[in-house]
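Hi,

Here is the structure I promised to pass on. Please open it alongside this email; my notes follow.

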Amino acid sequence: MEVRRLRRVFQVLVLAVLVAVPLYSQNPIEWAPSRIAMGELPPPRVSRVWGDTWSFSFYGFTVTHPLAALEAMLAAKVVYLPLLAAALLPLAITLLLGRVFCSWICPAGFLLELNQRLGSFLSSRGVRLSLRVADYRYHLLGFALLLSFFFATPVVSAFDLPHVLGREIFYVLTYGAPSYGGLLLLTGVVLLEALAARRIWCRSLCPAGGFLSLLGAKRVVRISKRMERCIFCGECNIACPYGLRPVELGIDKDFNDRTCDNCGLCRDACPTGALYYAVRR
Amino acid sequence: MKLKRRSFLKGVVLIGLAGIGLGEGDAPAIRPPGAARDFLARCIRCGKCGEACPYDSIKFFDISAGAKVATPYIDPVETPCYLCLRRTSEGRDEPLSEYLLCGEACPTGALRKIRNDRDTLLALPEELKMGVSVLNRDLCLAWQYDSCGECYYNCPLRDDAMLAYPPNEVIEGAVGIRPHVNERHCVGCGMCNYVCPVNERIARATMEPGRKLTYFEERYAAMVRNVIGRAGPGVELPAVRVVKRV
């Protein structure tokens, strides 16, 4: 089976949750806080399901993005145990499976993957600037952490793209309007990617993705190749959204797959089934 | 990963540009309950306090607020903090949950978890309070005309945070009440700020010929115009409002 199908199921589910959570915490009746508080209208619904990909709670069980936890503790210069505990599950997943958050969960990544179709459509009409940008994710991450530490406020939290998408959905469903900043950032990135550089945010700019890449550098599950099956057609190179060259796997001793997020597109693209998820001990 | 010097420098310039515009500046915001001095350092802008807030009292800053973007605030003129209470048919204020929900939702302790009972709220450490109410007696209809008392009757901590008469003060000829804020117990929820009739909206409506006021507001309109006219321009409205504690 194509990994992409399974991945889509995850991505759609996450998006559905992002819409369902604020909807569920909404009051279905006429919205008049003062009359509800005065007991003239039925009580508001108290749901205990809150959050998005940056931090999520389900009836007392909380999961928080490891970078959010790190930033907050760097900024506040304290170790807050509940926060640390909430970061453990995603931390373990990333250490084992790599940054699968980016490919399997991230709603912004999903949006930008779909956006590639707009990009191909535009470029087929000849609308395309070609912008090649190196991988600045680690620079941005380092800079953001320094800023968080010295200005004493979490920085990536302000503009982490999946989180911005999640909270804009929440703003629209709860307050009836998005925030200008978030809307500007989202449309900016979408347009930039459609017009100029395919997947530039995920491959060159996203500091959260960079952080997860670092965490997943020694991951257990990674794409590997059955040398005897490879016909060196190069389909995998074309499929890779990060511009990696899986065709060199097993040949180039220095092949660097730190950017890889185990999305499986190269595996799906391989006509001979040479690429597969390997579990390393 | 190997880095070339040029690409590194380009990166530094890029991210340097991204850093411009950060930094705290303007007046401190009224934060949800439980926000201590380290609030901005701990807040990861996850928005969960706003989702948890049963009355949508919590709003979020936009990019125009600079470094405070996506952090929560409360605007008592629009919606005050109802302290997760709801009045029952017997007329008692019952908590909707064991803890104030925003603090329960906060993953980083930027908002501390506060037990939602009257004794805890009355004994709340000063730095965890949202602010404190300040009452301007020159504008107050109860003090000027013996004809209000909305703040006192609506205060969720009535008789502790808002008193009917100032203690140790001799008042002559009082027919109605003379509301007085007890700073020791006021948590700054903004309920008084919300219900005070000497507010911007009524003041503006009294100046217009075809004014649209409810019957309830119409009762106050003439008096509001009088007290504001007497106080002169530039006066802060409403007569009782929440300010940040210093």
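How many helices and strands are there in chain B? Chain B has 10 helices and eight strands. Please keep in mind that this is a predicted model.

**Confidence**

The model scores ipTM 0.91 and pTM 0.90. Chain B has a mean pLDDT of 88, with 89% of its residues at 70 or more. Among the elements of chain B, strand β2 (residues 72-74) has the highest mean pLDDT, 97. The lowest belongs to α1(B), at 54. Residues 16-25 of chain B need care: the pLDDT there is below 50. That stretch has 11 contacts in the model beyond near neighbours in sequence.

**Chain A against chain B**

The contact takes 48 residues from chain A and 46 residues from chain B. On chain B, these elements each supply at least two residues to the side that touches chain A:

- helices α1 (5-19), α2 (39-42), α3 (48-52) and α4 (101-105)
- strands β1 (58-60) and β3 (85-87)

Which of them gives the most? It is α1(B), with six residues. Note that α1(B) is also the element of chain B with the lowest mean pLDDT. By class, the side of chain B that touches chain A has 24 nonpolar, 12 polar and 10 charged residues.

**Domains of chain A**

Domain 1 of chain A puts 14 residues into the contact, and domain 2 of chain A puts in 16 residues. On the domain 1 side, α1 (3-24), α4 (81-97) and α5 (100-105) of chain A each give two or more residues. By class, that side of domain 1 has five nonpolar, three polar and six charged residues.

**Helices in chain A**

Take α7(A) (residues 137-151) and α12(A) (residues 207-215) next. Their axes come within 8 Å and cross at roughly 100 degrees. The two helices are therefore roughly perpendicular to each other. From α7(A), the contact uses Arg137(A), Tyr138(A), Leu140(A), Leu141(A) and Ala144(A). From α12(A), it uses Pro207(A), Gly209(A), Gly210(A), Phe211(A) and Ser213(A). By class, the contact of α7(A) with α12(A) has six nonpolar, three polar and one charged residues.

Phe151(A) also sits in helix α7 of chain A. The C-alpha atoms of Phe151(A) and Ala76(A) are 10.0 Å apart, though 75 residues separate the two along the chain.

Ala76(A) is one of the buried residues of α3(A). Helix α3(A) (residues 66-76) is mostly covered, with 10 of its 11 residues buried. Among them are Pro66(A), Leu67(A), Glu71(A), Met73(A) and Leu74(A). Just after α3(A), Lys77(A) has a positive phi of about 55 degrees.

**Inside chain B**

Chain B has 246 residues, and 44% of them count as buried. Take contacts in chain B between residues at least 6 apart in sequence: 68% of these join residues at least 24 apart.

Gly190(B) is worth a look. Where is Gly190(B) placed? It lies in the loop between β7 (180-181) and α8 (191-195) of chain B. Gly190(B) is buried, because 25 other C-beta atoms lie within 10 Å. Leaving out residues up to four places away in sequence, Gly190(B) touches Ile74(B), Pro76(B), Pro80(B), Cys81(B) and Val242(B). Cys81(B) is 109 residues away along the chain, yet its C-alpha atom is 6.4 Å from that of Gly190(B).

Finally, α9(B) (residues 200-207) and α10(B) (residues 215-231) pack at an angle of about 85 degrees, with axes 9 Å apart. That makes α9(B) roughly perpendicular to α10(B). Ile202(B), Ala203(B) and Thr206(B) make the contact from α9(B). From α10(B) come Glu217(B), Tyr220(B), Ala221(B), Val224(B), Arg225(B) and Ile228(B). By class, the contact of α9(B) with α10(B) has six nonpolar, one polar and two charged residues.

Best wishes

Notes. Residues are numbered from 1 along each chain as its sequence is written. Chains are lettered from A and ligands numbered from 1 in the order in which they are written. This is a predicted model: local features need pLDDT of at least 70, side-chain atom pairs count only at pLDDT 80 or more; totals for chains, interfaces and linings use all residues. Axes are lines fitted to C-alpha atoms, for helices over the stretch in contact, and angles run from 0 to 180 degrees between N-to-C directions. Helices (H or I, at least four residues) and strands (E, at least two) are DSSP runs, numbered from the N terminus. Angles under 35 degrees count as roughly parallel, over 145 as roughly antiparallel, 65 to 115 as roughly perpendicular and the rest as oblique. Two residues are in contact if their C-beta atoms, placed from the backbone, lie within 7 Å. Ala, Val, Leu, Ile, Met, Phe, Trp, Tyr, Cys and Pro count as nonpolar, Asp, Glu, Lys and Arg as charged, and the others, Gly among them, as polar. pLDDT is the predictor's confidence in each residue, from 0 to 100. A residue is buried if 20 or more other C-beta atoms lie within 10 Å of its own, exposed if 12 or fewer, and partly exposed in between; C-beta atoms are placed from the backbone.
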